[in-house]
Each structure stands twice: as C-alpha cells, then as structure tokens.
Amino acid sequence: MPEEVQKGLEDVVALSSRITFIDGKEGRLVYEGYDIRELAEHSTFEEVAYLLWYGRLPTTTQLEDLRGRLRPLRTLPEELRALLDRLPATASPMDALRTAVSALATLEPGETRTGASSIGGALRLTAALPTIISEQHRRRQGLAPLPVRPELDHAAHTLYQLTGREGTPLENRALDVALILHADHELNASTFAARVTASTLSDLYSAVTSAIGTLKGPLHGGANERVMELLRSVANDEEIEAAVQQRLARHERIMGFGHRVYKVEDPRATILRDWSRRLGEAAGNLTWYRRLRRVEEVVHREKGLYPNVDLYSGSVYTLLGIPDDLFTPLFAVSRVAGWTAHVLEEYEDLRLIRPVAQYIGPNHLTYVPIEQRTA
Ligand code: SDX
C-alpha cells in the first residue's frame with residue numbers, strides 16, 4: 001500500500017539530476033555547480049545553455065561554435081509562417097507558441113529525435129522560440145517579420161525581435177541576465193511535465209510542447225503579468241499599500257510572492273530587483289521599482305512571505321518595452337534550455353515516470369443492468 005499521499009508531490013524526491021540544485025533554506029540556486037549569482041555576473045545565456053546541455057562551461061571555441069550553430073536556426077520555415085498566419089490574431093501568445101512547436105515537429109521530423117542526438121532539436125528550439133513569439137507579436141500588429149541580425153547575440157537578438165529596435169548595452173545585458181536566471185529551476189511543474197513525456201521515449205518536441213502547456217497555468221507562469229496589473233491599478237505610490245491590503249483582506253494571493261521550495265528570498269528576485277532599479281534609473285522612471293519596494297514591505301510585514309522570481313521580472317520587461325502577455329512566452333524562451341537539458345538527461349538514464357495513486361473510491365460493486373438503475 002502506498003505511503004501517505006504527498007499532495008502536489010510536495011518534498012517528494014522523484015529522481016536524481018546533476019543539472020540544478022536549489023537550497024531552499026539558504027536561498028541558493030546552482031546550475032551544474034555554479035552559483036546563479038556568479039553566472040548572472042559573468043556569464044551569457046548561450047554559455048549557460050551550453051553548461052546545462054553539456055555539464056561544463058564551454059571553451060572560447062566551443063562557445064563560438066554554439067553561437068554559429070544557433071544563428072541560422074533563428075529563421076522559421078515558410079510553411080510554419082503560413083500555418084501561424086491562419087491562427088486568429090487574438091490567439092494567446094502561449095497557445096500560438098505551443099502550436100508552433102508542435103507544428104515545427106511535423107515540418108522537421110529529423111530534428112524531433114529522442115536520445116543524445118536530440119541535442120539538434122534543443123538547439124533548434126532554443127534559437128527558434130524568440131522568432132516564433134516575436135513574429136506572432138508582429139503578425140497581430142499587421143507587421144511583417146524582421147530580418148535576422150546574425151551579428152547580435154541571443155539576448156540582443158531576442159530584444160531586437162520583440163521591440164523592432166536594437167537595445168542599448170544596458171538593456172541587452174538586462175535581458176541576458178533575465179534569460180540566465182530563468183534557464184532552469186530543477187523539477188518545477190513544466191520541467192517535470194517535459195521529463196514525464198520524455199520518460200515514455202516520446203520525442204523532444206513533444207516534451208517541450210507538454211512543458212509549454214504546463215507553464216501556461218497561472219500558478220506557474222504569468223504571475224509577473226498580475227504583478228504589473230497590481231502596480232498599474234493605483235494612481236500613485238501612496239495608494240499601493242491599500243491595494244495590497246484589500247487583496248489580502250479578500251484572501252487573494254499577491255503574485256510574485258511565496259514559493260514551494262524557497263523559504264527565504266528567491267535569489268533570482270534579489271538580482272532582478274537590482275536590474276529593475278538600474279533600468280528605471282536609466283529610463284528616468286523608478287515608479288515600478290518604488291511601488292514594488294512598498295509591496296514587498298507590506299507583504300513581508302503582513303504575511304511573512306518573500307519575493308520570488310516573478311516579482312521584479314515584469315518591471316524589467318516593461319522597462320525593456322516588452323508587452324505583458326509576452327512575459328510568459330519569454331519565460332519559455334529561456335526555460336527551453338532547461339527543459340531540453342532535462343529531456344536529454346532523462347534519455348541518458350531512462351526510467352518510465354509512473355507514480356501510483358492512493359485509491360479512495362468504492363470497491364467490489366456488482367454490475368446493475370441499466371433498466372434496473374433508479375438514480
Ligand atoms: C514560479 O516551482 C518552481 O520552481 C516555479 C518557478 C520556476 O522557476 O519554475 O520558480 C517559477 O512559478 C514562481 C512562482 C510564481 N507564482 C506566483 O507568484 C503565484 C503566487 N504564489 C503562490 O501561488 C504560491 O506561493 C506558490 C504557488 C508559488 C507556492 O505555493 P505552495 O508552496 O503550494 O504554498 P501554499 O499554497 O501551500 O501556501 C502556503 C501558505 C498559504 O496560507 P494558508 O492558507 O496556509 O494560511 O502561504 C500562503 C497561502 O495562502 N501564500 C500566499 C501566497 N503564497 C502562499 N498568500 C498570499 N500571497 C501569496 N503569493
């Protein structure tokens with residue numbers, strides 16, 4: 001008989017992984033042995049993607065080779081563009097992204113392999129996701145796709161695709177750091193969904209499609225959109241405390257706070273708080289930063305809760321000119337590196353993921369013919 005049910009698999013150790021370590025008590029996040037604070041300070045998203053896929057930091061040659069492989073994969077096949085043109089302009093960006101990845105699998109069957117050879121699919125999706133979400137965003141504005149700018153690195157190219165303009169060095173670095181911070185987070189719901197899919201020996205594109213569908217849920221993705229709604233709901237900084245108190249009085253959750261694993265501040269929130277301030281200062285607009293600091297004070301005082309990655313990310317993206325409903329697709333642009341790293345790890349040491357349920361329904365009932373059934 002199974003042990004006591006752990007609802008939500010809370011604290012259940014489901015598998016071994018070498019990819020990411022989270023110390024919830026100390027508030028540490030470690031990719032392949034490297035603390036996220038070091039990577040945010042010194043690394044780039046391409047270098048971190050290499051680290052997650054191969055388990056070590058690349059040499060200069062290996063990093064240049066990776067960049068050279070990613071660049072041509074940024075472009076989408078015309079057949080995919082034609083298919084996405086037929087989606088309603090009102091399609092949610094996450095629905096469009098999920099559809100595009102699923103469709104791309106049918107157009108590039110060779111890339112949707114399983115096993116170690118699916119690293120090609122990991123590169124393809126990592127390079128293509130920014131193009132998919134930005135072309136969908138341009139399509140709904142009646143704008144044509146932008147030409148690829150091969151001289152721009154991944155973060156700078158992503159910002160250029162999303163906004164139609166090249167970012168400043170500060171803006172490009174801010175997005176690069178945000179992509180590093182969101183690249184992996186151990187067995188979060190969307191990564192677990194990807195591993196469950198891969199554990200059946202389904203292909204990498206199917207695993208990423210599962211992950212995108214899971215990330216769409218508001219308890220996982222999208223909290224940063226709700227944070228920006230809260231900040232915009234008041235006319236001035238002084239009103240923000242009352243707005244938070246009203247939500248708490250209605251027993252509503254304040255988005256951007258709390259975490260299943262972190263019992264102290266999410267280290268990603270610490271780094272994003274600083275970038276929210278730096279971008280705000282550069283733009284001469286510290287409104288979001290000031291209001292967020294007030295929200296933090298109230299929520300910590302009233303609920304003892306700490307910020308998670310979603311509290312400041314929305315203000316960073318807003319200051320970069322990225323619309324709210326692209327925040328979660330941008331999360332996917334980064335997390336696809338972690339999702340695919342976990343899928344590759346699952347293929348390396350495959351074990352069908354199949355937990356059991358504690359049955360609480362009736363048993364040994366006798367079948368009653370329909371004509372004798374009353375209720
Ligand atoms: C991400 O798993 C990952 O790693 C995810 C992620 C990643 O990188 O992949 O880190 C990304 O998803 C970040 C989380 C973004 N979501 C939000 O900010 C939504 C708001 N947060 C909550 O829904 C909640 O904190 C969760 C979902 C994040 C965690 O929920 P848990 O661990 O299931 O905690 P819980 O629901 O059991 O809450 C414990 C208590 C409850 O109080 P009581 O009912 O026991 O009195 O804390 C309260 C909750 O009401 N609480 C909150 C709260 N979060 C928890 N109260 C107010 N506001 C909140 N945000």
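1. Asp184 sits in the loop that runs between helix H8 (169-181) and helix H9 (189-198); helices are DSSP runs of H or I with at least four residues, numbered from the N terminus. The model is predicted: local features need pLDDT of at least 70, side-chain atom pairs count only at pLDDT 80 or more, and totals for chains, interfaces and linings use all residues. Residues are numbered from 1 along each chain as its sequence is written, and side-chain values use heavy atoms, with hydrogens and water left out.

2. Asp184 is buried but has no salt bridge, and Arg335, the nearest side chain of opposite charge, is 5.0 Å away. Buried means under 20% relative accessible area (1.4 Å probe, protein chains only); a salt bridge needs a side-chain nitrogen of Lys or Arg within 4 Å of a carboxyl oxygen of Asp or Glu. The side chains of Asp184 and His342 do form a polar contact of 3.1 Å (N or O atoms within 3.5 Å, one able to donate a hydrogen and the other to accept it; residues adjacent in sequence count only if both atoms are side-chain atoms).

3. The largest nonpolar core has 98 residues, and Tyr31 and Leu129 are among those touching the most other members. Such a core is a set of buried Ala, Val, Leu, Ile, Met, Phe, Trp, Tyr and Cys residues joined through side-chain atoms within 4.5 Å. Helix H16 (residues 327-348) gives the largest share, twelve residues. Domain 1 (20-217 + 324-348) and domain 2 (223-319) both contribute, so the core lies between them; the bounds come from an automatic or database domain assignment.

4. Helix H7 (residues 154-163) has nine of its ten residues buried, so H7 is largely enclosed by the rest of the structure. Asp153 caps its N-terminal end, with a side-chain oxygen 3.3 Å from the backbone nitrogen of Ala155.

Key. Helix = DSSP H or I, 4+ residues; strand = E, 2+ residues; numbered from the N terminus. Buried < 20%, exposed > 50% of the residue type's maximum accessible area, 1.4 Å probe, protein only. Lys, Arg positive; Asp, Glu negative; His and termini not counted.
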